[in-house]
Amino acid sequence: DSPGPGPFALSRQGETVHLHSGADGLVTGYTEQEKFGASEQGVSHGRHLKSTGAYNFIALSRPTPGQANAEPHVGPIVINEIMYNPLVSADAEYVELLNISDTAVTLYDAALDAPWRFTDDPDNPGIELLFPSVPPLVLEPGDLVVLARDTLALDAAYTIPAGVPVLAWGPGRLANGSEKIQLSRPGNAEDSWIRVDRVVYSDGSSSGDLPDETDPWPLQADGHGAALSRIDPTSYGNDSVNWQAALPSPGMPN
């Protein structure tokens with residue numbers, strides 16, 4: 001009889017886990033691996049099957065050892081609307097965030113003295129916005145905040161309701177083909193970020209993750225005047241089935 005597995009630990013700051021088949025002490029060919037990021041205490045990660053047939057390895061709503069995986073953990077703040085290729089001005093790009101929870105959320109961690117973060121590729125950001133600390137931004141339930149490349153261009157292109165905060169991310173543009181955008185909150189270690197929401201969108205014409213290489217994202221959002229609008233903010237966001245092309249409505253309900 002071979003000995004059972006020894007004790008092991010997984011880092012709360014994230015790492016990569018590997019599964020290999022083996023015989024007589026040798027790896028025999030089958031291999032699987034998953035990379036996960038920093039996580040909150042008590043939150044498990046698992047595979048989630050998307051409408052495209054692809055899987056994401058993400059935070060789950062509850063741990064389910066020995067059972068089918070629970071639904072994805074969603075919120076408290078979600079990416080709710082994306083304008084990546086504006087019709088009027090290329091500088092009028094924006095991303096809208098929504099508080100879907102029933103409590104106020106401060107986008108700054110006072111205990112860690114660290115802000116929340118919005119980026120495109122978190123590992124190699126061309127866009128990066130660190131939320132303010134003085135005063136920190138607080139979103140009440142149902143509140144929206146608009147993140148913009150250029151606030152003057154945004155104001156010229158759209159009417160933002162009074163009282164809706166607008167923050168500029170400055171340099172960097174949203175890609176018009178395919179892009180990963182992510183909202184994160186600080187983890188317990190330096191340069192550690194816990195993913196709050198992520199969307200990997202595309203323009204409806206490039207190869208997607210479907211087996212037949214078609215792209216399920218709506219074409220109308222690629223420079224035709226529409227924005228990507230989240231259909232159900234309480235459902236998993238990184239899936240094209242939960243997005244549609246709609247009239248731009250920054251700072252207003254979808």
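Predicted model: local features only at pLDDT ≥ 70, side-chain atom pairs only at ≥ 80, totals over all residues.

Colleague: How many salt bridges does a search of the whole structure find?

Modeller: A salt bridge is a side-chain nitrogen of Lys or Arg within 4 Å of a carboxyl oxygen of Asp or Glu. The search of the whole structure gives 4. One of them pairs aspartate 91 with arginine 149, with the closest N and O atoms 3.0 Å apart. Aspartate 91 is in the loop between E5 and strand E6 (94–99), and arginine 149 is in the loop between strand E13 (144–148) and helix H1 (151–157), so the pair ties together parts that are 58 residues apart in sequence. Here helices (H or I, at least four residues) and strands (E, at least two) are DSSP runs, numbered from the N terminus.

Colleague: With which residue does arginine 173 form a salt bridge?

Modeller: Its partner is aspartate 91, and the closest N and O atoms are 2.8 Å apart. Arginine 173 lies in the loop between E14 and E15, so this pair ties together parts that are 82 residues apart in sequence.

Colleague: Are aspartate 197 and arginine 230 buried or exposed?

Modeller: Buried means under 20% relative accessible area, exposed over 50%, and partly exposed in between (1.4 Å probe, protein chains only). Aspartate 197 and arginine 230 are both buried, and they form a salt bridge with the closest N and O atoms 2.9 Å apart. By contrast, aspartate 91 is partly exposed at 25%, and arginine 173 is partly exposed at 41%.

Colleague: How many aromatic pairs are found?

Modeller: Rings of Phe, Tyr and Trp (its six-membered ring) pair if their centres lie within 6.5 Å; planes under 30 degrees apart count as stacked, over 60 as edge-to-face and the rest as tilted. There are 4 pairs in the whole structure. In one, the ring centres of phenylalanine 118 and tryptophan 169 are 6.0 Å apart and the planes are at 35°, so the pair is tilted. Phenylalanine 118 is in strand E10 (residues 117–119), and tryptophan 169 is 51 residues away, in the loop between strand E14 (166–168) and strand E15 (178–186). Phenylalanine 118 is buried at 0% relative accessibility, and tryptophan 169 is buried at 4%.

Colleague: Which residue lies over the face of tyrosine 55?

Modeller: A charge sits over a ring if NZ of Lys or CZ of Arg is within 6 Å of the ring centre and within 35 degrees of the ring normal. Arginine 47 lies over tyrosine 55, at 3.8 Å from the ring centre. Arginine 47 also stands opposite phenylalanine 57 in E4. Two strands pair if DSSP finds at least two bridges between them, and strand E3 (residues 45–49) is joined to E4 by 5 bridges, running antiparallel.

Terms used. Residues numbered from 1 in each chain as written. Heavy atoms only, no water.
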